[in-house]
Amino acid sequence: ETGVTQSPTHLIKTRGQQVTLRCSSQSGHNTVSWYQQALGQGPQFIFQYYREEENGRGNFPPRFSGLQFPNYSSELNVNALELDDSALYLCASSLERQGGNEQFFGPGTRLTVL
Amino acid sequence: AQSVSQHNHHVILSEAASLELGCNYSYGGTVNLFWYVQYPGQHLQLLLKYFSGDPLVKGIKGFEAEFIKSKFSFNLRKPSVQWSDTAEYFCAVTKNGAGSYQLTFGKGTKLSVIP
């Protein structure tokens, strides 16, 4: 069974640029959630996708957007990057979208904005 | 909105010492509770979870947690820690029912176990 994978591992961008992060969900999982983990903090929920539709969103501005594809892989796009966007971005997949289901996390993408 | 507080930022213990990490959440409704662990250089992984039933839940690697509804707490315990338990531990909560998809995490507790 292949776990959750994310690419790239690390990324360096400058303010104002745009970035796309990618996530492949665990086999059989149809729900993908994205989290931002700033240094010294716990992960913060960005949004969740269920069967290609956004299923909920945290307190992040519209310049954070996403997609889920028919194979349930997902992308996180961030436009007009700001210094505070520097963080570890985590993707998690789960079997269904119920809150009680375990979310399986990927290794994350470390984004640095200069 | 729900929130999670973890009382200790960094805990340092000697091997064989007992561990208790505090976690309190704020939400008036029914919740699901989780402890996740992140070992150095590894992914976040689930230690244990509580949905309903017996408030004392057992997880992997000898960890357990007790849900005390009246105190809104879900403390993590281990009777005797090992050097390999050195990691960061996160308590998290989701609501039951509509909008229950979002994991809300605490800030984490870093555990260092000295051999």
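Is A:Arg57 buried, exposed or partly exposed? A:Arg57 counts as partly exposed, at 30% relative accessibility. Buried means under 20% relative accessible area, exposed means over 50%, and partly exposed is in between (1.4 Å probe, protein chains only).

1. Basis. This is a predicted model, in which local features need pLDDT of at least 70 and side-chain atom pairs count only at pLDDT 80 or more, while totals for chains, interfaces and linings use all residues. Residues are numbered from 1 along each chain as its sequence is written, chains are lettered from A and ligands numbered from 1 in the order in which they are written, and side-chain values use heavy atoms, with hydrogens and water left out.

2. The A–B interface. On the chain A side, 22 residues are in contact with 18 residues of chain B. Contact means heavy atoms within 4.5 Å. The area buried between the two chains is about 1,600 Å², and carbon and sulfur atoms give 56% of that. Buried area is the accessible area (1.4 Å probe) that two parts lose on being put together, summed over both. Between chain A and chain B there are 0 salt bridges. A salt bridge is a side-chain nitrogen of Lys or Arg within 4 Å of a carboxyl oxygen of Asp or Glu. Polar contact links 3 residue pairs across the two chains, both residues at pLDDT 80 or more. A polar contact is a pair of N or O atoms within 3.5 Å; within protein, one must be able to donate a hydrogen and the other to accept it, and residues adjacent in sequence count only if both atoms are side-chain atoms.

3. Make-up of the chain A side. Strands S4 (31-37), S5 (44-50) and S6 (53-57) of chain A each supply at least two residues of the side that touches chain B. Helices (H or I, at least four residues) and strands (E, at least two) are DSSP runs, numbered from the N terminus. The residues of this side divide into 7 nonpolar, 13 polar and 2 charged. Ala, Val, Leu, Ile, Met, Phe, Trp, Tyr, Cys and Pro count as nonpolar, Asp, Glu, Lys and Arg as charged, and the others, Gly among them, as polar.

4. Cores. The largest nonpolar core has 28 residues. A nonpolar core is a set of buried Ala, Val, Leu, Ile, Met, Phe, Trp, Tyr and Cys residues joined through side-chain atoms within 4.5 Å. Residues with the most contacts inside the largest core include B:Leu33, B:Trp35 and B:Phe74. Beyond four places in sequence, B:Phe74 touches B:Cys23, B:Leu48, B:Val57 and B:Cys91, among others. A second, separate core has 20 residues, including A:Ile46, A:Phe60, A:Val78 and A:Leu111.

5. Salt bridges in chain A. The count over all chains is 8 salt bridges. One joins A:Glu75 and A:Arg22, with the closest N and O atoms 3.5 Å apart. A:Glu75 lies in strand S8 (residues 74-78) and A:Arg22 in strand S3 (residues 19-24), so the pair ties together parts of chain A that are 53 residues apart in sequence. A:Glu75 is buried, at 15% relative accessible area, whereas A:Arg22 is partly exposed at 42%. A:Arg57 pairs with A:Glu54 (3.5 Å, N to O). A:Glu54 is partly exposed, at 39%.

6. Salt bridges in chain B. B:Lys78 bridges to B:Asp85, the closest N and O atoms being 2.9 Å apart. Both B:Lys78 and B:Asp85 are buried. A network of salt bridges links B:Lys58, B:Glu64, B:Glu66 and B:Arg77.

7. A:Cys91. This residue sits in strand S9 (residues 87-94) of chain A. A:Cys91 is buried, at 0% relative accessible area. Outside four places in sequence, contacts of A:Cys91 include A:Cys23, A:Trp34 and A:Phe104.

8. A:Ser73. The loop between strand S7 (64-68) and S8 of chain A holds A:Ser73. A:Ser73 is buried, at 14% relative accessible area. Its side chain makes a polar contact with the side chain of A:Asn71 (2.7 Å).

9. B:Thr109. Strand S12 (residues 109-114) of chain B contains B:Thr109. B:Thr109 counts as buried, at 1% relative accessibility. Its side chain makes a polar contact with the side chain of B:Gln6 (3.4 Å). A polar atom of the B:Thr109 side chain also lies 2.5 Å from the backbone oxygen of B:Asn8.
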